[in-house]
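Here's a quick briefing to read with the model open in your viewer.

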Amino acid sequence: MNGVPYESSQLRPNIIGTSFASQEDAAAEIAAFPVGARVVAHADEAHPGNAFLKFEAGAGLVVFMLVAPVALAAALASWRFL
């Protein structure tokens, strides 16, 4: 960015990692980004080390919306026993 090289290991903008069933599946996911090729990367100038290659919406908000009520209910239920 601005003539300064940066490296990032993120393929997508979210922090939730992706797992693959096989090495072949993982290789297919990154086939469009060969080593040494010029590709478009998405980066925030304030945090260029968090750059990513695939611009996709993450599931973070959905996960939060599902987990937060369960965590709150568990906390309220356990409060009775304190």
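A pocket here is worked out on a 1 Å grid over the protein atoms alone: it's an open set of points where a 1.4 Å probe fits, with protein on both sides within 12 Å along at least five of seven lines, and lining residues have an atom within 4 Å of a point. This is a predicted model, where local features need pLDDT of at least 70, side-chain atom pairs count only at pLDDT 80 or more, and totals for chains, interfaces and linings use all residues. Residues are numbered from 1 along each chain as its sequence is written, and side-chain values use heavy atoms, with hydrogens and water left out.

**The largest pocket**
- The largest pocket is lined by 28 residues, with Ser8, Gln10, Ala51, Phe52 and Leu53 nearest its centre.
- It holds about 730 Å³ of space.

**The aromatic pair**
- Searching the whole structure turns up one aromatic pair (ring centres within 6.5 Å).
- The rings of Phe52 and Phe55 sit with centres 6.0 Å apart and planes at 20°, so they count as stacked (under 30 degrees).
- Phe52 is buried (under 20% relative accessible area) at 12%, whereas Phe55 is exposed (over 50%) at 64%.

**Arginine 12**
- Arg12 is buried too, with a relative accessible area of 16%.
- Leaving aside residues up to four places away in sequence, Arg12 touches (heavy atoms within 4.5 Å) Thr18, Glu29, Phe52, Lys54 and Glu56.

Definitions and conventions: Buried means under 20% relative accessible area, exposed over 50%, partly exposed in between (1.4 Å probe, protein chains only). Grid points are joined across faces, edges and corners, and a volume is the space filled by probe spheres set on the points. Rings of Phe, Tyr and Trp (its six-membered ring) pair if their centres lie within 6.5 Å; planes under 30 degrees apart count as stacked, over 60 as edge-to-face and the rest as tilted.
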